[in-house]
Amino acid sequence: MRTFDYRRAAHQAEALALVKADQSRYLGGGTNLVDLMRQNIEAPAALIDVSRLPATIEDTPNGGLLIGAAARNSAVAAHPAVRTRYPMLSRALLAGASAQIRNMATVGGNILQRTRCAYFYDAAGSRCNKREAGAGCDAITGFNRYHAIFGASEHCIATHPSDMCVALAALDATVHLASGDGERRVALLDFHRLPGDHPEIDTALRPGELITAIELASSPAAANSAYRKVRDRSSYAFALVSVAAGLEIAAGKIKDVRIALGGVAAKPWRATRAEESLRGQAPTRERFLAAADAELAGAKTYEGNAFKVELAKRTIAAVLGELSGDDA
Ligand code: SF4
């Protein structure tokens, strides 16, 4: 690890004043960034500690929820409003990492965590376009059990590791951002990017920009929601496939449905094809399986991850079955 300056910001204005766009990184809980620095994958000249910035979780005037970016993952998961109005978010957070890490990790840092592709972390021995543009990608012909089946490119097939972000994608969350140029809001679905020709760029975040909060709208589908994560061991493992879903049923028909997948793409994957095929339909297991088929028809697999297609189909159907009361 290289030497760096450390400054703690007492408030947002101080953080924005301290940051030097290309040389600094904001520090939340440090549960990913410090690892990246230890591995010499990231080497900022300065860390601006924003972990003392607002961590409040409060109602919005339109019935939604505003979650401060410094809120700890464990605090968000345990908050009564999250547990009752956005259960998929609480369950997704509790499915992530370990209790110790959830106590440290912040919402802002969770959104910005980088892929866990093993080749990305092997700076001494592997080729990786995300770490070094133009270097090549050893995962495409290597060990790709954990890699993408949607939205990959010839340059990168990595997946996004966050559980929380899958729930936020299904909930149509909005990311609040601030910089010296002012404030702006970006839909979470537009915040993370697919690799394309530039896998080294993970997000729409501009240099020096700070995540200040996440905003959630309220909806019946958000209140009737769940998250299921399938992984190689029962804790402290990243998703092979995960599903965040919400369902609103009225008069025996699906009025609203939200489905997002994790472990399948470089960003949380919103299953729009599946959603479209379900709206207005009766909530049956056959419909759920057909919707999953429609979504997974667009998958592209690699040698080690073809199993994800069937796994994703079954998990989508199982979660929607749980939400509709038809667990058959
Ligand atoms: Fe790097 Fe992406 Fe290839 Fe992994 S999949 S080695 S992150 S370029």
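Because the model is predicted, local features need pLDDT of at least 70 and side-chain atom pairs count only at pLDDT 80 or more, whereas totals for chains, interfaces and linings use all residues. Residues are numbered from 1 along each chain as its sequence is written, and side-chain values use heavy atoms, with hydrogens and water left out.

The domain assignment of the chain gives domain 1 (5-51) and domain 2 (224-324); such bounds come from an automatic or database domain assignment. The C-alpha centres of domain 1 and domain 2 are 36 Å apart.

Helices and strands are named here as DSSP runs numbered from the N terminus (helices: H or I, at least four residues; strands: E, at least two). Helix 13 (residues 285-296) and helix 14 (residues 307-324) have axes that come within 9 Å and cross at roughly 145°. The axes are lines fitted to C-alpha atoms, for helices over the stretch in contact, and the angles run from 0 to 180 degrees between N-to-C directions. The crossing of helix 13 and helix 14 is right-handed; a crossing is right-handed if the near helix is turned clockwise from the far one by less than a right angle, and left-handed if anticlockwise. On the side of helix 13, the contact (heavy atoms within 4.5 Å) is made by R285, F288, L289, A292, D293 and L296. Helix 14 contributes V309, A312, K313, I316, A317, L320, G321 and S324.

Helix 5 (residues 87-95) is largely enclosed by the rest of the structure, because seven of its nine residues are buried. Buried means under 20% relative accessible area, exposed means over 50%, and partly exposed lies in between, with a 1.4 Å probe and protein chains only. The buried residues of helix 5 are P87, M88, L89, S90, A92, L93 and A95. A97 follows helix 5 and has a positive phi, near 55°.

One of these residues, L89, is also among the contacts of L168, a residue of helix 9. L168 is buried, with a relative accessible area of 1%. Leaving aside residues up to four places away in sequence, L168 touches L89, I111, A173, L188, I214 and L216.

A pair of aromatic rings is described by the distance of the centres and the angle of the planes. The structure holds three aromatic pairs. F120 and Y121 form an edge-to-face pair, with 5.2 Å centre to centre and 90° between the planes. Both F120 and Y121 are buried. F150 and W269 form a stacked pair, with 4.7 Å centre to centre and 5° between the planes. F150 lies in the loop between helix 8 (118-121) and helix 9 (164-170) and W269 in strand 12 (residues 269-270), so the pair ties together parts that are 119 residues apart in sequence. F150 and W269 are both buried. In these assignments, rings of Phe, Tyr and Trp (its six-membered ring) pair if their centres lie within 6.5 Å; planes under 30 degrees apart count as stacked, over 60 as edge-to-face and the rest as tilted.

The loop between helix 8 and helix 9 also holds A158, which counts as buried at 5% relative accessibility. Beyond residues up to four places away in sequence, A158 touches T115, C117, K130, H147, A148, A265 and A266.

A266 is likewise touched by R193, which lies in the loop between helix 10 (188-191) and strand 8 (210-216). R193 is partly exposed, with a relative accessible area of 28%. R193 and G151 are 42 residues apart in sequence and 9.5 Å apart in space, C-alpha to C-alpha.

The structure holds zero disulfides (pairs of cysteine sulfur atoms within 2.5 Å). C128 is buried at a relative accessible area of 7%, and C156 is buried at 7%.

Two further residues other than glycine have a positive phi. D172, with phi near 55°, is found in the loop between helix 9 and strand 6 (174-179) and is partly exposed at 38% relative accessible area. Y236, with phi near 55°, is found in the loop between strand 9 (225-230) and strand 10 (241-250) and is partly exposed at 47%.
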